[in-house]
Amino acid sequence: MNKKKQENTSKFLFGKKNYILMLIGVAFIALGFILMAGGGSDDPAVFNTEIYNFRRIRLAPTLVLVGLGIEIYAIMAKSSK
């Protein structure tokens, strides 16, 4: 019975904590890209100053970098097996 239990737990590369951290990292990255999108002008002759607001210059790239950091940590962290 112990051998069967051991075989079932070795199917996954990472532990549950690692997979949860990976999902959180993907959510941060997706949110950052969503915040970067939209808000432009369809007319090329009109300059839109909204491209330089706080959300696109500071917040969105920070979220993407934090998400990448979480992803790297989730991959490098030792699983709890």
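Helices (H or I, at least four residues) and strands (E, at least two) are DSSP runs, numbered from the N terminus. The model is predicted, so that local features need pLDDT of at least 70 and side-chain atom pairs count only at pLDDT 80 or more, whereas totals for chains, interfaces and linings use all residues. Residues are numbered from 1 along each chain as its sequence is written, and side-chain values use heavy atoms, with hydrogens and water left out.

**Exercise 1.** Determine how helix H2 and helix H3 pack.

Solution. Helix H2 (residues 16–36) and helix H3 (residues 54–76) pack with their axes 8 Å apart and at an angle of about 165°; axes here are lines fitted to C-alpha atoms, for helices over the stretch in contact, and angles run from 0 to 180 degrees between N-to-C directions. H2 is therefore roughly antiparallel to H3, the class for angles over 145 degrees, while those under 35 count as roughly parallel, 65 to 115 as roughly perpendicular and the rest as oblique. Isoleucine 29 lies in helix H2 and is buried, at a relative accessible area of 19%; its C-alpha atom and that of glycine 67, 38 residues apart along the chain, are separated by 5.1 Å.

**Exercise 2.** Classify the aromatic pair that the structure holds.

Solution. A pair of aromatic rings is described by the distance of the centres and the angle of the planes. The structure holds one such pair: the rings of phenylalanine 14 and tyrosine 19 have centres 5.9 Å apart and planes at 75°, so the pair is edge-to-face. Rings of Phe, Tyr and Trp (its six-membered ring) pair if their centres lie within 6.5 Å, and planes under 30 degrees apart count as stacked, over 60 as edge-to-face and the rest as tilted. Tyrosine 19 counts as partly exposed, at 32% relative accessibility.

How values were computed:
Buried < 20%, exposed > 50% of the residue type's maximum accessible area, 1.4 Å probe, protein only.
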